[in-house]
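Morning, everyone. Please have a look at the fold before I start.

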Amino acid sequence: ETAQFSPGSVSLGAGASQNVQLTAGPLDFAVTQYYLIGVLAESQSNPAVAAQDTRSLEIEAYEAVSVAWRPPSQVVSGALEAAFTLDVTNLGNIPTNYGIEVTGSTGAVVNVAVPAVVIPPQGTVSLLVNVTVSGDGGYTLTGTAMAGSIQDSAVASLTVGEVTYLQHLPTIIKD
């Protein structure tokens with residue numbers, strides 16, 4: 001489904017040959033290893049005229065990561081604590097050990113249970129992040145996952161304020 005030949009078909013005279021290019025990608029599902037690829041070329045008018053060949057294909061290892069907050073923003077009233085989830089997704093094709101760093105703006109203390117996680121290829125880990133703030137106001141949280149030279153960060157916002165109640169008065173209708 002991810003590969004195609006260019007050109008898709010050729011017309012050849014007796015004894016002639018032509019190179020055909022195979023292009024494939026993205027191969028997000030492929031883990032790092034060697035794969036054997038087989039190709040069969042067959043005449044559309046004479047099935048007895050056919051040839052096949054195989055080649056070894058190496059999928060090289062790569063690391064990539066994506067970070068996202070759930071929810072990306074929260075508003076809380078009457079409390080100085082909130083909980084967020086930090087989703088870390090391994091977009092690479094090898095298991096990767098990611099260091100996790102979560103920071104908060106001034107007045108916000110953040111606590112994430114684990115400072116590092118190993119995530120399989122194309123896997124996601126959801127980390128609980130508890131936040132305690134010093135008072136009403138707006139706060140930002142930055143979550144970062146890193147492995148070697150790759151990293152990704154995401155920012156979430158927390159707004160803390162007092163509960164405001166609106167009093168509903170009865171409506172009097174006069175004739």
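I'll take the sheets, then a surface patch.

This is a predicted model, where local features need pLDDT of at least 70, side-chain atom pairs count only at pLDDT 80 or more, and totals for chains, interfaces and linings use all residues. Residues are numbered from 1 along each chain as its sequence is written, and side-chain values use heavy atoms, without hydrogens and water.

Strands here are DSSP E runs of at least two residues, numbered from the N terminus. Two strands pair if DSSP finds at least two bridges between them.

First sheet. It is open, with four strands in the order β5-β7-β11-β9, paired antiparallel. β5 (65–70) and β9 (108–112) are the edge strands, each pairing on one side only. β9 meets β11 (residues 124–133) through five antiparallel bridges. Val110 sits opposite Val131 in β11.

Inside, β8 (residues 96–104) and β12 (residues 137–147) run antiparallel, joined by six bridges. Thr103 has Thr142 in β12 as its bridge partner.

Now the surface. Which residues form the nonpolar patch? Phe5, Val10, Leu12, Val20, Leu22 and Val39, with about 440 Å² of accessible area together. Areas are Shrake-Rupley, with a 1.4 Å probe, and for residues only the protein chains shown count as cover. Nonpolar side chains are joined within 5 Å, like charges within 9 Å.

Take Val10, in the loop between β1 (3–6) and β2 (21–24). Its relative accessible area is 36%, so Val10 is partly exposed, meaning between buried (under 20%) and exposed (over 50%).

Key:
Patches are made of residues with over 30% relative accessible area and no salt bridge: like charges are joined within 9 Å, nonpolar side chains (Val, Leu, Ile, Met, Phe, Trp, Tyr) within 5 Å. A salt bridge is a side-chain nitrogen of Lys or Arg within 4 Å of a carboxyl oxygen of Asp or Glu. Buried means under 20% relative accessible area, exposed over 50%, partly exposed in between (1.4 Å probe, protein chains only).
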